[in-house]
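Please have the sequence and the 3D view ready.

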Amino acid sequence: MNQIRGDVLAAGFIVEEELFTVVLGGAFGTLDPQLGGRELAERAEWLRNPKTGLDRKIAAARPYIREILVAGSANKLMQDLADYRRLRNLMAHRPCWMKGIWDELAGSDPNTPKGRTVGFQLLIADSDFTWIIDESQTQEWSALLERCRVGLESVRNKMALS
């Protein structure tokens with residue numbers, strides 16, 4: 001689980017850096033502090049401040065995403081970013097646990113009742129849903145993170161930045 005958390009949070013850092021460039025590029029037309037001046041520096045500091053939550057960073061990028069991408073693509077990226085926010089908070093703030101997998105037919109000793117724990121499942125939950133963390137789930141999360149990164153990178157690349 002530590003590896004999964006680390007992978008999600010590390011990939012999330014890249015996603016949030018792309019958010020950062022979209023917000024600054026959209027607002028100032030540049031990422032160069034000398035061209036953007038004090039206002040760019042202040043906005044950059046606000047974005048990097050730990051008290052500026054991910055919700056506010058995504059909200060700050062929303063108008064630029066909607067301006068640059070066609071509606072369908074913008075909607076998909078905004079949904080992916082909302083899903084990323086949930087995943088990031090899940091990995092950063094929620095505990096995980098293991099649950100035994102019970103097989104009522106397991107056991108070969110005729111003198112012992114059938115039924116055994118034959119393995120374990122790793123789970124994590126928020127207030128609305130419980131995920132079984134397996135190979136397919138981690139692949140789904142990886143794909144989400146990649147879609148967010150690529151989508152934001154596309155927005156940034158379509159901006160005319162000086």
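Predicted model: local features only at pLDDT ≥ 70, side-chain atom pairs only at ≥ 80, totals over all residues.

Residues are numbered from 1 along each chain as its sequence is written, and side-chain values use heavy atoms, with hydrogens and water left out.

Helices (H or I, at least four residues) and strands (E, at least two) are DSSP runs, numbered from the N terminus.

| Element | Residues |
|---|---|
| Strand β1 | 96–103 |
| Strand β2 | 116–125 |
| Strand β3 | 130–133 |

The three strands make an open sheet, ordered β1-β2-β3, with antiparallel pairing; two strands pair if DSSP finds at least two bridges between them. Because β1 and β3 stand at the edges with a single partner strand each, one side of each has no neighbour in the sheet.

Between β2 and β3 there are four bridges, and a hairpin of four residues connects these strands. Ala125 has Thr130 in β3 as its bridge partner.

In a regular strand, side chains alternate between the two faces of the sheet. In β3, Trp131 and Ile133 point to one face and are buried (under 20% relative accessible area, 1.4 Å probe, protein chains only).

Definitions and conventions:
Buried < 20%, exposed > 50% of the residue type's maximum accessible area, 1.4 Å probe, protein only.
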